[in-house]
Amino acid sequence: MNGKNHQADACTMIIFGATGDLTKRKLFPALYNLAKDQFLPDSFAIVGVGRQEMTSEDFRSQMRGNLAEFVGKDVDESLIDWFAERTHYTGGDFAAKKTFSELKKLLKELDKKFDIPENYFFYLATPPALFGLVTEKVAELGLTAETEGWRRFIYEKPFGRDLESARALNAELKSLLNESQIYRIDHYLGKETVQNILVFRFGNSIFEPIWNRNYIDHVQITVAEKLGVEQRGGYYDTAGALRDMIPNHIFQLVTLTAMEPPISFEANAVRDEQAKILCAIQPFSPEDVLHKAVRGQYGDGVIEDAKKIAYRNEPNVPPQSNTETFAALKLSIDNWRWAGVPFYVRTGKRMAARHSEIVVQFKKAPFMLFRDTSIEKLTTNRITIHIQPDEGITLHFGAKIPGPLVNMGAVDMDFNYLDHFGEQVSTGYERLLYDCMTGDATLFQRADMVESSWQIVSPVLDVWQAIPARSFPNYPAGSWGPEESDALLAADGRKWKNTVD
């Protein structure tokens with residue numbers, strides 16, 4: 001998809017928290033990539049809003065430096081000039097009416113200068129505690145009403161920290177906005193391979209007929225990181241691995257893997273099917289939490305010959321912290337397609353590799369045909385959807401080893417995005433920003449999906465809070481997590497697929 005036929009609507013992007021890390025590392029590079037591929041309209045402007053005072057010229061200078069650093073090689077200076085002309089800044093206290101009055105005045109000036117028909121989208125790259133406040137201040141000045149152009153709001157995760165807070169935040173925002181104006185972003189869904197799941201499943205007739213309990217033994221979803229908490233110890237210790245990753249990233253992958261075919265690719269048709277999967281995941285009882293949920297915390301270890309300190313020794317982390325840096329769950333989807341097929345999910349910090357993938361493990365074929373051969377066991381088929389760092393798909397199956405005897409060897413057929421389509425420079429935000437500008441909410445979470453996700457993990461959070469972990473730290477940095485995680489699958493006669501396998 002390229003060219004001016006696909007340009008987004010003329011609009012202005014307003015970034016709250018414009019001086020933060022997300023803006024310089026992800027948002028501006030994503031906008032640059034969209035402009036380079038001609039997806040941005042000529043009538044386009046950016047307004048950064050931050051707490052610190054600075055001039056628009058200072059902000060442009062920062063933007064130039066950040067693009068030079070994070071876009072990579074072959075930066076187009078003429079394109080950066082184009083951005084600079086359209087980039088402005090206004091600063092002040094987010095609780096002060098003056099900040100928003102000046103913003104409104106600036107937007108009117110830019111509408112006139114760049115011929116923009118009052119289409120605004122507001123990106124809240126702020127702490128979640130400010131979501132309601134900022135939206136309310138914008139609403140007070142009449143900037144949420146869609147009387148002239150459209151108005152859309154993007155909210156970064158985490159969207160709430162439990163079911164109660166998510167419901168309260170949804171209620172607050174929906175008292176100010178229509179649901180159609182709310183875009184709850186999950187940058188994982190901007191990745192090509194994640195979007196390709198639906199095309200892979202529903203666009204290929206060889207896969208859809210076997211995508212069910214008759215042929216699939218189980219599904220594994222792993223989101224592993226080599227990094228620790230870095231400088232985010234203060235935030236992370238109030239969240240933990242379960243809150244940080246599972247209700248958003250991982251449940252989105254679960255729903256895309258498990259959902260029924262939607263009647264169309266229209267946003268609500270897709271999200272209706274995703275919501276059905278979240279409702280079908282069996283709730284955890286307190287007893288289930290003890291047997292179907294695992295938590296871990298990394299200790300000292302070695303990654304790539306470098307020593308890594310324990311989580312409890314990280315900056316801004318209490319020395320006796322019981323916050324988990326690893327979480328694994330066994331999920332059961334109570335519907336016709338997936339009855340009896342467990343979905344195992346895990347995520348963790350300081351693991352052996354940076355490694356995100358979905359593994360669909362098929363059932364074994366009957367052995368009787370091979371009883372009188374040299375084959376001792378059959379290779380089980382699996383499809384692995386690689387999300388990062390290398391995006392692609394692998395089909396694992398058995399083939400006869402050349403020679404006079406009937407022996408079987410395991411072989412892989414690999415599809416790699418880089419090999420087939422060339423390098424696509426992407427931050428993961430390009431598609432999501434573009435979709436917001438064009439009004440396509442397919443890849444954004446709806447209110448009911450957010451609340452259903454928190455409803456699933458709430459019992460786990462409650463039990464873990466009531467019963468502090470006694471064994472932390474229970475896995476060394478550079479490993480694949482605690483032994484209890486392996487035992488979770490071993491109890492069912494299964495094991496995790498790791499990148500070294």
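Are E357 and K497 buried or exposed?

A: E357 is buried, and K497 is buried as well, where buried means under 20% relative accessible area, exposed means over 50%, and partly exposed lies in between (1.4 Å probe, protein chains only). This is a predicted model, in which local features need pLDDT of at least 70 and side-chain atom pairs count only at pLDDT 80 or more, while totals for chains, interfaces and linings use all residues. Residues are numbered from 1 along each chain as its sequence is written, and side-chain values use heavy atoms, with hydrogens and water left out.

The side chains of E357 and K497 form a salt bridge at 3.3 Å, N to O, a salt bridge being a side-chain nitrogen of Lys or Arg within 4 Å of a carboxyl oxygen of Asp or Glu. Because E357 belongs to strand 14 and K497 to the segment after helix 14 (483-490), this pair ties together parts 140 residues apart in sequence; helices (H or I, at least four residues) and strands (E, at least two) are DSSP runs, numbered from the N terminus.

A further salt bridge joins the side chains of D272 and R446 at 2.8 Å, N to O. D272 lies in helix 9 (residues 267-280) and R446 in the loop between helix 12 (430-438) and helix 13 (447-466), so parts 174 residues apart in sequence are tied together by the pair. Here D272 is partly exposed at 35% relative accessibility, whereas R446, at 11%, counts as buried.

By this rule the count comes to 27 salt bridges, and R201, E208, E260 and R337 are linked in a network of them.
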